[in-house]
Amino acid sequence: MPLPKPFEAALPSSDHSRFLFPILFGICFAAAFVGSWQLAQIQPGLLFEAEGRRNMGRFITGMFPPDLSLNFLRFLVVPFFETIQISVMGTVLAIAIGFPLSLLGTASLAHTGMLNDLEIAGSPGRRLARTLPYVLARAVMSVFRCIPEFVWAFMFVRAVGLGPFPGVLAIGVSYGGMLGKVYSEILENLEVQPSEALQATGASRWKILVYGMLPQALPQLVSYTLYRWECAVRASAILGFIGAGGLGQQIELSMRMFNFHEVVTLVLILFLLVAAVDFLSARARKAIV
Amino acid sequence: MRAATLLVPAGILVLVLWSWHGTRFDPVGLLGADGRAQMLAYAEKLFPPDLSPDLLRKVAYWSLETFAISFMGTLLSVTVALALVFFASRNLVFAGVLFEVDGAGQPTRIARIGLFVAAKALLNLLRTVPHIVWALIFVFAVGLGPFPGVLALGLHTGGVLGKLFAEVVEDIETQPLAALQAAGASRPQVFFYGVLPRVLPQFLAYSLYRWEVNIREAIILGYVGAGGLGQQIQIAISLFLENKLLTLILAIYLMVTLVDYLSAYLRRRLL
């Protein structure tokens with residue numbers, strides 16, 4: 001539909017990239033689709049083969065009735081609480097790792113903006129001394145979060161042995177990187193006026209952080225941390241698969257022993273746990289924000 | 001109020017202490033002289049990464065395989081979510097402005113609510129079962145390889161996206177829909193001209209975010225035999241091939257960073 005003249009003028013000028021992008025995107029998408037289809041060995045037919053169907057049937061009939069015997073449930077009490085404990089301790093460790101890193105990795109605290117402009121102006125040495133920790137902190141956070149918690153857990157199981165402790169360390173390190181990144185984004189996007197006012201009164205950098213920035217940022221920081229705790233509960237259940245304790249370990253065992261009626265019970269318990277944590281954390285977030 | 005302000009920190013403190021005890025959290029053991037020496041020794045064994053051309057070629061292939069699992073898994077999940085979301089949104093099935101003046105009788109209404117409940121329940125089921133359990137189930141059904149990984153990601157993430165999509169649909173403003181309806185548009189017309197244009201950008205943003213999650217989960221799924229970098233990590237760790245392990249970790253870092261970057265770029269360009 002041709003647009004009336006004034007509207008056309010208001011649109012961004014139609015340079016090459018506007019036409020090129022959809023075409024390039026289409027080509028790349030098609031290539032990725034075809035390549036991935038082959039690499040991932042997609043064979044929908046397999047789902048309808050007799051053997052696959054038989055296996056699925058065995059699985060589904062094996063699931064019922066779920067194992068709700070008192071013996072089994074009593075056996076799950078410890079892993080159940082262990083999963084919660086791993087998630088809590090993992091989140092605490094993630095805060096301990098992520099918060100200091102986020103302070104170093106916040107540009108407006110480290111090397112830009114009005115907090116630093118005056119001090120840095122005309123001194124390349126001082127600029128470097130301020131920029132270097134910032135770059136390092138960013139790099140550390142990026143490594144921490146881009147290696148999945150599952151790989152960390154593998155390595156920590158090697159380093160400190162089986163049990164919940166390596167699970168805590170894995171969640172702490174990888175979530176520490178994620179919290180650090182998001183914390184520094186939150187601190188970066190605060191209103192600057194309060195900090196400016198504090199600086200004008202001669203407050204030190206620490207005081208500006210504690211009285212000017214943190215009170216403003218706290219609801220968001222807490223809210224995101226709570227969200228991460230929800231994720232940590234799920235993650236701690238998965239980490240059990242590689243021997244880091246909790247419900248996951250039990251799911252793996254039951255799965256390997258073909259005790260599917262136990263798997264159903266475990267997944268149900270996991271569902272209830274996750275739902276309860278989601279509810280709690282949503283309530284807490286609403287109370288804060 | 002006074003009591004609550006004290007109770008919350010106290011409760012958190014108790015929770016943390018209980019967890020500290022229960023997980024046998026031991027920072028002193030970890031960061032003490034022994035622990036440090038042990039970790040340092042392990043870190044030293046990791047270096048240098050194995051960069052032989054032969055291994056690099058294989059790592060490139062495994063990286064592409066992991067990428068393929070995450071990509072196809074995300075596409076499948078979007079398909080699953082799109083197939084279910086419009087049945088799982090109240091305002092499109094039985095409630096709100098579209099159904100205020102409804103000629104249909106009670107039985108139709110009950111059938112509609114039933115449809116909604118069924119779609120919601122299915123989404124909940126897909127989401128509740130962790131992807132790693134889905135993967136184990138599909139390994140049973142179709143054998144080892146990346147395909148069960150794709151199916152697992154697709155179903156689990158399909159449940160997650162379906163829920164998020166339904167929230168988007170239920171949150172759209174009703175005025176445009178009411179206006180369309182007042183102009184005499186049929187329900188499909190209201191859907192295509194009033195609902196879809198509003199929700200598609202959000203759908204796309206959520207899907208791209210989930211892709212970032214899925215590249216990480218595709219690696220985890222390697223552990224249960226779904227191929228790619230995850231499986232090789234497991235092999236390298238079990239066989240004490242530390243130098244190879246470091247190469248794989250570097251590859252994972254690159255893949256995850258690449259997908260994060262791609263997703264952010266596409267979100268910027270497409271939205």
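**Ground rules**

I number residues from 1 along each chain as its sequence is written, and I letter chains from A and number ligands from 1 in the order in which they are written. Because this is a predicted model, local features need pLDDT of at least 70 and side-chain atom pairs count only at pLDDT 80 or more, while totals for chains, interfaces and linings use all residues.

**Entry 1: chain A overall**

I looked up the helices and strands, which are DSSP runs numbered from the N terminus (helices are H or I, at least four residues; strands are E, at least two). Chain A has 13 helices and zero strands.

Next I checked burial. A residue is buried if 20 or more other C-beta atoms lie within 10 Å of its own, exposed if 12 or fewer, and partly exposed in between, with C-beta atoms placed from the backbone. Of the 289 residues in chain A, 36% are buried.

Then I checked contacts (two residues whose C-beta atoms, placed from the backbone, lie within 7 Å). In chain A, 74% of the contacts with a separation of 6 or more join residues 24 or more positions apart.

**Entry 2: confidence in chain A**

I looked up pLDDT, the predictor's confidence in each residue, from 0 to 100. The average for chain A is 83, and 89% of the residues score at least 70. Which elements of chain A have the lowest and the highest mean pLDDT? Helix α1 (residues 5-10) has the lowest, 44, and helix α9 (residues 164-188) has the highest, 92. Over residues 1-11 of chain A the pLDDT is below 50. Beyond near neighbours in sequence, that stretch has one contact in the model.

**Entry 3: where the chains meet**

I looked up the contact between the chains. It takes 46 residues from chain A and 46 residues from chain B. On the side of chain B that touches chain A, the elements giving two or more residues include α1 (2-22), α4 (53-85) and α7 (131-142) of chain B. Which element gives the most to that side? It is α7(B), with seven residues.

I also sorted that side by residue type. Ala, Val, Leu, Ile, Met, Phe, Trp, Tyr, Cys and Pro count as nonpolar, Asp, Glu, Lys and Arg as charged, and the others, Gly among them, as polar. The side of chain B has 34 nonpolar, seven polar and five charged residues.

**Entry 4: helix α7 of chain B**

The 12 residues of α7(B) should span 16 Å, and its end C-alpha atoms are 16 Å apart, which agrees.

Is α7(B) mostly covered or uncovered? It is mostly covered, with 11 of its 12 residues buried. Among them are B:His131, B:Trp134 and B:Phe138. The cover includes α3 (50-63) and α11 (205-239) of chain A, together with α8 and α10 of chain B. After α7(B) comes B:Gly143, whose phi is positive, near 90 degrees.

**Entry 5: helix α8 of chain A**

I looked up α8(A), residues 149-160. It has 12 residues and reaches 16 Å from its first C-alpha to its last, close to the 16 Å expected. Nine of its 12 residues are buried, including A:Trp152 and A:Ala153. Both chains cover them: the cover includes α9 and α11 of chain A and α10, α11 and α12 of chain B. A:Gly161 follows α8(A) with a positive phi near 90 degrees.

**Entry 6: the core**

I looked for nonpolar cores, each a set of buried Ala, Val, Leu, Ile, Met, Phe, Trp, Tyr and Cys residues joined through C-beta atoms within 7 Å. The largest has 128 residues. A:Ala153, B:Ala135, B:Leu221 and B:Ile252 have the most contacts inside it. α4(B) gives the most to this core, with 13 residues. Beyond four places in sequence, B:Ala135 touches residues including B:Pro148, B:Ala152 and B:Leu221.

Most residues other than glycine have a negative phi, and most peptide bonds are trans. I found exceptions here. The bond from B:Phe47 to B:Pro48 is cis, with omega near -10 degrees. B:Pro48 lies in the loop between α3 and α4 of chain B.

A:Phe258 has a positive phi of about 60 degrees. It lies in the loop between α12 and α13 of chain A. A:Phe258 is exposed because 12 other C-beta atoms lie within 10 Å.

B:Phe240 has a positive phi near 60 degrees, in the loop between α11 and α12 of chain B. B:Phe240 is exposed, with 10 other C-beta atoms within 10 Å.

Key:
The expected span of a helix is 1.5 Å times one less than its number of residues.
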